[in-house]
Amino acid sequence: GVYMNVIKCELCGSSDFKKVDGEYECQFCHTKYSVEEAKKLMIEGVVDVKVDTSDKQRNYEKLAERSFKDQLYDQAYNYYDKLLEIDSDNWKYVYKKGVCAAWQSTLANFRVDETIKACKNAFNIIDINNIELENKESVCYQMADDINKVSVAFCQLAQNHYNEFWELESAAPDYWSHLQQLIDCEEYAKDIIKNYISSEETKKLYITILKNLIIYLCDICERRKYKSGYNQYGDTYGWTWYKNELRTPLIEKYDKYVLELKELEPQ
């Protein structure tokens, strides 16, 4: 095979080919190319491959799931994007793409709320198309679990950033806005599964989410110190805190969730 190492699969970019029944087959996503197409690929690098869409869809699904599992979220995001071009009404693709977006968050571009949007859109598709879910609880569990994992990871990111830059006056407001987004996410996750907490596994996740919410709510209500300047004695520090009118509803939520947690975990 002269072409073996120079053909690049259009679908997945792999160069790993095998000749099967007179055609070249990509060993990664199993797209088949005729000898003519393989030659064209080698010379021009492009070819109009006539791939059956269902094959293409299966291949992309495999690639998307593999990338997601390997935490290559930018790749997975692109594959789910391609899948949505084939099947724009697929709620799973919509939802997974949103989760991949959230995992690509940075402190400057906190995309955690894209997961919520994706879940809402997925539920809309399910409702509009009257899709019968085989097991609605496991779908809701999966979504809530994903949202919770994303939230926990980005809470860590936001905390580390705050701990490093706490002396700046802007550090606390940045941290609060991130915490508020995380509270919104976890509350959404909690609402998705609240009807299923009779099952042990879901109840466990629900309790985890409640505990995270309580932590975020405590954190956002804390008074915070920052470096306000210098005087002849050295550094001077000021204090900053979340506005009282914003704080009151958070304290009410905190009380409500603590009560709920005590009912679920009496010890």
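At what angle do helix 7 and helix 9 pack, and how far apart are their axes? The angle is about 40°, and the axes lie 14 Å apart. Keep in mind that this is a predicted model.

**Helix 7 and helix 9**
- Two packed helices are described by the angle between their axes and the distance between the axes.
- To find this pair, look at residues 171-193 for helix 7 and residues 244-264 for helix 9.
- The two helices cross in a left-handed way.
- On the helix 7 side, the meeting residues are Gln180, Glu187 and Lys190, and their counterparts in helix 9 are Leu250, Lys253, Tyr257 and Glu260.
- Sorted by class, this contact is made up of four charged residues, two nonpolar ones and one polar one.

**The sheet**
- Strands of a sheet pair through backbone hydrogen bonds, either parallel or antiparallel.
- Here, three strands make an open sheet, ordered 1-2-3, with antiparallel pairing.
- Strand 1 (17-20) and strand 3 (32-33) are the edge strands, each pairing on one side only.
- Strand 2 covers residues 23-26 and joins strand 3 through two bridges, running antiparallel.
- Glu25 has Lys32 of strand 3 as its bridge partner.

**Ser67**
- You'll find Ser67 in helix 2, which spans residues 53-69.
- Ser67 counts as buried because its relative accessibility is 5%, and buried means under 20%.
- Leaving aside residues up to four places away in sequence, Ser67 touches Leu72, Gln75, Ala76 and Tyr79.

Technical notes:
Residues numbered from 1 in each chain as written. Predicted model: local features only at pLDDT ≥ 70, side-chain atom pairs only at ≥ 80, totals over all residues. Heavy atoms only, no water. Helix = DSSP H or I, 4+ residues; strand = E, 2+ residues; numbered from the N terminus. Buried < 20%, exposed > 50% of the residue type's maximum accessible area, 1.4 Å probe, protein only. Contact = heavy atoms within 4.5 Å. Axes fitted to C-alpha atoms, helices over the stretch in contact; angles between N-to-C directions. Left-handed = near helix turned anticlockwise from the far one by under 90°. Nonpolar A, V, L, I, M, F, W, Y, C, P; charged D, E, K, R; others polar. Pairing = 2+ DSSP bridges.
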